[in-house]
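Please consult the sequence and the structure shown here while reading.

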Amino acid sequence: MKTFKAIFEQYNWDNIQSKIYQTSAKDVERSLSKTKRNLDDFLVLISPAAQNYLERMAQECHQITKKRFGKTIQMYAPLYLSNECQNICTYCGFSLDNKIKRKTLSDTEIKIEVEALKNLGFDHVLLVTGEANYSVNINYFLNAIALIRKQFSIISVEVQPLSTEEYKHLHGAGVYSVLVYQETYHQEVYKKYHTKGKKSNFDYRLETPDRIGTAGIHKIGLGVLLGLEDWRTDSFFNALHLDYLQKKYWQTKYSVSFPRLRPAEGIIEPNFIMDDKDLTQLICAYRLWNEDLEISISTRENEKFRNNIIPIGVTSMSAGSKTNPGGYVVDPQSLEQFEISDERPVSEIAQIITNSGYEPVWKDWDKSYS
């Protein structure tokens, strides 16, 4: 099977963008009439022409999600371990050129933060760091996982791209899923946003999900940073990547996230604005294309949107999130990666999910099942 880079190079950004924006109402109706859809249908369903069919899309999306996942929402919380970073990324509060206090949690501080999350009811934690290989590296990750693995049924990580062998070490340590975002698939624009550090290597990041799949990680999460480029075109390439991975690593589960650019220390303004209607359309398009895909919504999104999106296609949500190392207890004033939008307490989010007729699920998997 071809590598994803070889497949990616067969596509041209401008040609895909043109196809999306030239889609007609007849194309949309044809795609919606199908019971099984492919990438061409996904392209159609993210087009401006499909916005007039959003209600119809949302209704089918609701039915598919209920059939495949039931009326449940998986709950998780991010645990930021460090804001140290060696990259310069123009949209991130952790960027190396931001002259702010850096912090990496010690063993004791990690345990304190974990206790706070456990008291809130969480059994799924997402470990997040900046990309600083000299201090926040595979040895640091393995140590942190060893400290907390008895406390959580599911441990996910969102850190710098690693080697295949390092991902195998994470898998052996009990990591359930790895999230990695390409940020944007527009290769020329990517260079403008990532000006220094290992992250400036577009191809190395592009090939990261292959290394995760080869290592046997149970689930891989993908996404783009919505606001850097045209969200429709970027999302097509993200779906192209998912399609490739599902065919090659067919035993692996997959999820997609939808981070919209949020305010943070020293960042640029979004290059492209994506409103709530656009994001609803994108979520529906993913669900109508791929029934098995897990769909996650974070506290980047506002309260109203998160309330209304619950019945449509979402399968997991964060709550009560802090995006700074030690943000729950140890050091609430440390630098955030970005500002969250939904600041409601965990108990309130859980009650809203329940009031919507859904069940907030805190534990959905156990190591003994593996």
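The buried residues of α15 pack against β1 (72-82), α6 (107-120), α14 (303-309), β10 (316-318) and β11 (359-361); helices (H or I, at least four residues) and strands (E, at least two) are DSSP runs, numbered from the N terminus. The model is a predicted one, in which local features need pLDDT of at least 70 and side-chain atom pairs count only at pLDDT 80 or more, while totals for chains, interfaces and linings use all residues. Residues are numbered from 1 along each chain as its sequence is written, and side-chain values use heavy atoms, with hydrogens and water left out.

**Helix α15**

- Helix α15 spans residues 346-355, and Val 346, Ile 349, Ala 350, Ile 352 and Ile 353 are buried in it; buried means under 20% relative accessible area, exposed over 50%, and partly exposed in between (1.4 Å probe, protein chains only).
- Viewed down the axis of α15, these buried residues fall within an arc of 160°, so they line one face of the helix; the arc is that of the directions from the helix axis to the C-beta atoms.
- Ser 347 and Asn 355 are exposed on the face of α15 turned away from its buried side.

**Helix α2**

- In helix α2 (residues 13-21), the residues Trp 13, Ile 16 and Ile 20 are buried.
- These residues cover an arc of only 70° around the axis, which puts them on the same side of α2.
- An α-helix has 3.6 residues a turn, so residues three or four places apart point the same way.
- Asp 14 and Lys 19 are exposed on the other side of α2.
- The cover over the buried residues of α2 includes α4 (39-45) and α12 (231-248).

**Nonpolar cores**

- The largest nonpolar core has 102 residues, and those with the most contacts inside it are Leu 127, Leu 170, Tyr 185, Phe 258, Leu 282 and Tyr 286; a nonpolar core is a set of buried Ala, Val, Leu, Ile, Met, Phe, Trp, Tyr and Cys residues joined through side-chain atoms within 4.5 Å.
- Another core, of 16 residues, lies apart from it, and includes Val 189, Tyr 193, Leu 225 and Leu 228.
- Leu 170 touches Ile 138, Phe 141, Leu 142, Ile 145, Val 157, Leu 162 and Val 175, not counting residues up to four places away in sequence; contact means heavy atoms within 4.5 Å.

**Packing of α7 with α8**

- The axes of helix α7 (residues 138-148) and helix α8 (residues 164-173) come within 10 Å and cross at roughly 5°; axes are lines fitted to C-alpha atoms, for helices over the stretch in contact, and angles run from 0 to 180 degrees between N-to-C directions.
- That crossing makes α7 roughly parallel to α8, a description used for angles under 35 degrees.
- Ile 138, Phe 141, Leu 142 and Ile 145 of α7 meet Glu 166, His 169, Leu 170 and Ala 173 of α8.
- The residues of this contact divide into 6 nonpolar, 1 polar and 1 charged; Ala, Val, Leu, Ile, Met, Phe, Trp, Tyr, Cys and Pro count as nonpolar, Asp, Glu, Lys and Arg as charged, and the others, Gly among them, as polar.

- Ala 285 lies in helix α13 (residues 276-289) and is buried, with a relative accessible area of 0%.
- Ala 285 and Cys 61 are 224 residues apart in sequence and 8.3 Å apart in space, C-alpha to C-alpha.
- Neighbours within four places in sequence aside, Ala 285 is in contact with Phe 42, Leu 45, Ile 46 and Met 57.
- Ser 235, in helix α12, is buried, with a relative accessible area of 1%.
- With neighbours within four places in sequence again left aside, Ser 235 is in contact with Phe 42, Val 224, Leu 226, Leu 282 and Tyr 286.
- The C-alpha atoms of Ser 235 and Tyr 185, 50 residues apart along the chain, are separated by 8.7 Å.

- Glu 183 is found in the loop between β5 (177-179) and α9, and counts as buried at 8% relative accessibility.
- Glu 183 has a positive phi of about 75° although it is not a glycine.
- Most residues other than glycine have a negative phi.
- Glu 188 lies in helix α9 (residues 187-193) and is partly exposed, with a relative accessible area of 48%.
- Asp 107 lies in helix α6, counts as partly exposed at 35% relative accessibility, and touches Asn 143 and Leu 147, not counting residues up to four places away in sequence.

Conventions. Angles under 35 degrees count as roughly parallel, over 145 as roughly antiparallel, 65 to 115 as roughly perpendicular and the rest as oblique.
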